[in-house]
Amino acid sequence: MKRANVNSKGNTNNLEQENGVKEFLPVANLEKAVKEIVEQPNVDGIEDPLVEFSEAMRTVGKVLRQAAEAKAAAKAEATEWKRKYELERERNRELECKGPTFSEQKIEDSTQNLKNPEIAENSQKCCGENGICSHEVLRDRGPDSYPNVHSKLTRKASFKLQWCSKSKKDDQHKHDIVSFEKGNITTAERSSKQISLKWETPPQTVLILTKPNSTSVKILCAEMVRWLKEKRNMNIFVEPRVRNELLAESSYYSFAQSWKDDKEIWRLHEVVDLVVTLGGDGTVLWAASKFKGPVPPIVPFSLGSLGFMTPFYSERYKECLKSILEGPISITLRHRLQCHVVRGENENEGPILVLNEVTIDRGISSFLTNLECYSDNSFVTTVQGDGLILSTTSGSTAYSLAAGGSMVHPQVPGILFTPICPHSLSFRPLILPEHVTLRVQVPVNSRGNAWASFDGKDRKQLAPGDALVCSMAAWPVPTACRGDSTSDFLHSIHDGLHWNLRRTQSFDGPRDL
Ligand SMILES: NC(=O)c1ccc[n+]([C@@H]2O[C@H](COP(=O)([O-])OP(=O)(O)OC[C@H]3O[C@@H](n4cnc5c(N)ncnc54)[C@H](O)[C@@H]3O)[C@@H](O)[C@H]2O)c1
Ligand SMILES: Nc1ncnc2c1ncn2[C@@H]1O[C@H](COP(=O)(O)OP(=O)(O)OP(=O)(O)O)[C@@H](O)[C@H]1O
């Protein structure tokens, strides 16, 4: 006799083939199942609906019992995983205090932990009120998502961001900065405080990017790669050029990984936990440009001349990397601008993300630029001069500064609107709020072309009728701080730019009586 059973969707199928607990017949559907069998005695293959029904009930009872047993077993397993996870975490803490290497076993275990639904659920809870978990910031697509990754490498390190404050009450990141309780308007909380990054699982993979053609950088890079491998057992990625340089020195460095083409570069964020830059500010810009979406935390070592965004001393790299790998790290979340070149009516190129600025200038043209500027479709002004800089607050100390723009703390959200040599007596630079979309249009009757450049690179010609559209990007660049965001900024403007350097007036001389 052919059996006709009813699954949870009310369809007929063969229950004998169903072993999984998910497929059992829910009690809520029982009534429907009975009705269907009794009322449709002519269903294909059913000879006696009552016999059929009692058999179905027996099977249902069996499956329900199995489900209850499976549930109890899953719960016991989850408790065991949780215990193992806690033990492992404790062991990691102890090991890290002693400065050891991360063993393969440890990596595998921590990956297993994340497969456990209960722990996965707990780790999701960390994306709560007190911070943003890395799962929200960096797409985590699992082990097979990056083709060249060493087979041992299984998962990106997870971390949590916290907004720190001295007072206990302020220990949360508040989006609501204005309160209007009982009709009284008050500013309640500031949105961006010092941000701290805390690793939840140890970082395993580091990408090292270096300034080219520098002997001191080359020597430091080889030393750092060796140290990270031997003392911290890290997976290391370098640029293809750097890998060749390392291999030319010794075949020892064959463990260093690289990429073949652009497609792989654009997916680096899926595997890299940390980026180290060895160079000046240009190398930080270069590193940021490699990430067109989420950016892992960047640790910039100073091997340039100015080093405004590179607070770490290369001579102390071991000490510094040790503390970064252990965390927590103070970070500056540097905003980026997202730019599109719009050609004529429809064609849209980009987006191009910049950390410093996008500049629209006259290039080699001898004519004044004539740029019509709009903010959220409202006309702002026409720039007649050498050009216009749309800068992030991180870029405020770069080209924008040279063009007379104000210096702004990098954590302040905003877009600087700084003209370059405007032929006008009253064109002061502006700072616009972060939410605006700016459009810089080359009028169709313009005498010449304009040129857009992105962090000083990749010049693109803008013909009459073309426009550049720019707004705040969704993916900031987290850079590690030596102290905190503000002390690093102040240190840079004092030491790097010699801001307000003046001899102190002497004590002796005329004074108020
Ligand atoms: N007149 C100018 O001041 C001028 C002209 C062109 C480009 N630039 C800047 O150069 C940047 C490109 O840098 P690069 O290193 O690739 O080129 P680069 O090698 O020509 O160096 C430019 C200088 O700008 C400094 N710099 C870069 N970003 C900075 C920042 N955020 N704060 C303070 N100083 C910063 C660098 O340390 C370097 O000394 C552009 O984004 C632009 O801001 C400045
Ligand atoms: N990995 C890289 N590959 C190719 N070009 C790079 C790389 N890193 C940096 N550059 C470029 O090299 C140039 C110089 O780099 P960087 O600014 O770091 O050094 P610097 O000029 O010595 O330092 P500073 O900016 O402090 O004076 C920049 O134009 C930058 O874009």
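Is Gln257 buried, exposed or partly exposed, and how many other C-beta atoms lie within 10 Å? What we have here is a predicted model, where local features need pLDDT of at least 70, side-chain atom pairs count only at pLDDT 80 or more, and totals for chains, interfaces and linings use all residues. Residues are numbered from 1 along each chain as its sequence is written, and chains are lettered from A and ligands numbered from 1 in the order in which they are written.

Okay, back to the question. Gln257 is partly exposed, because 18 other C-beta atoms lie within 10 Å. The rule is a count of other C-beta atoms within 10 Å of a residue's own, with C-beta atoms placed from the backbone: 20 or more is buried, 12 or fewer is exposed, and in between is partly exposed. Gln257 sits in the loop between helix 7 and helix 8 (262-265). Its C-alpha is 7.9 Å from that of Asn235, although the two are 22 residues apart in sequence.

Now the whole protein. There are 513 residues, and 34% of them count as buried. The secondary structure comes to twelve helices and 25 strands. When I say helix or strand, I mean a DSSP run, numbered from the N terminus: H or I with at least four residues for helices, E with at least two for strands. Among contacts with a separation of 6 or more, 64% are between residues 24 or more positions apart. A contact here means two C-beta atoms, placed from the backbone, within 7 Å.

How far can we trust it? The mean pLDDT is 80, and 72% of the residues reach 70 or more. That score is the predictor's confidence in each residue, from 0 to 100. The model also scores ipTM 0.95 and pTM 0.74. Two stretches need care. Over residues 147-153, pLDDT stays under 50, and the model has 13 contacts beyond four places in sequence for them. Residues 170-175 also stay under 50, with twelve such contacts. Where pLDDT is low, the predicted coordinates should not be read in detail.

On to the ligands. Which residues come nearest to ligand 2? They are Gly279, Gly280, Gly282, Thr283 and Gly304, out of 16 residues around it. "Around" means that the C-beta atom, placed from the backbone, lies within 6 Å of the molecule. Helix 9 (281-289) and strand 8 (205-210) each supply at least two residues of that shell, and helix 9 gives the most, with five. By type, the shell around ligand 2 has five nonpolar, eight polar and three charged residues. For the record, Ala, Val, Leu, Ile, Met, Phe, Trp, Tyr, Cys and Pro count as nonpolar, Asp, Glu, Lys and Arg as charged, and the others, Gly among them, as polar.

Ligand 1 has 18 residues around it, and Gly282, Phe308, Ala398, Ala402 and Gly456 come nearest. Helix 9 and helix 11 (399-402) are the elements that give two or more residues to this shell. The largest share, three residues, comes from helix 9. The types here are seven nonpolar, eight polar and three charged.

So what surrounds helix 9 itself? Its buried residues pack against strand 8, strand 10 (274-279), strand 11 (298-302) and strand 25 (477-480). Seven of the nine residues in helix 9 are buried, including Asp281, Thr283 and Trp286.

Next, a pair of helices. Helix 6 (residues 215-232) and helix 7 (residues 240-249) pack at an angle of about 80°, with axes 11 Å apart. The axes are lines fitted to C-alpha atoms over the stretch in contact, and angles run from 0 to 180 degrees between N-to-C directions. That angle makes helix 6 roughly perpendicular to helix 7, a label covering 65 to 115 degrees; under 35 is roughly parallel, over 145 roughly antiparallel, and the rest oblique. Lys218, Cys221, Ala222 and Val225 in helix 6 meet Val242, Glu245, Leu246 and Glu249 in helix 7. Those contact residues divide into five nonpolar, no polar and three charged.

Pro351 is found in strand 15 (residues 347-354). Asp455 is a residue other than glycine with a positive phi, near 50°. Asp455 is buried, because 26 other C-beta atoms lie within 10 Å.
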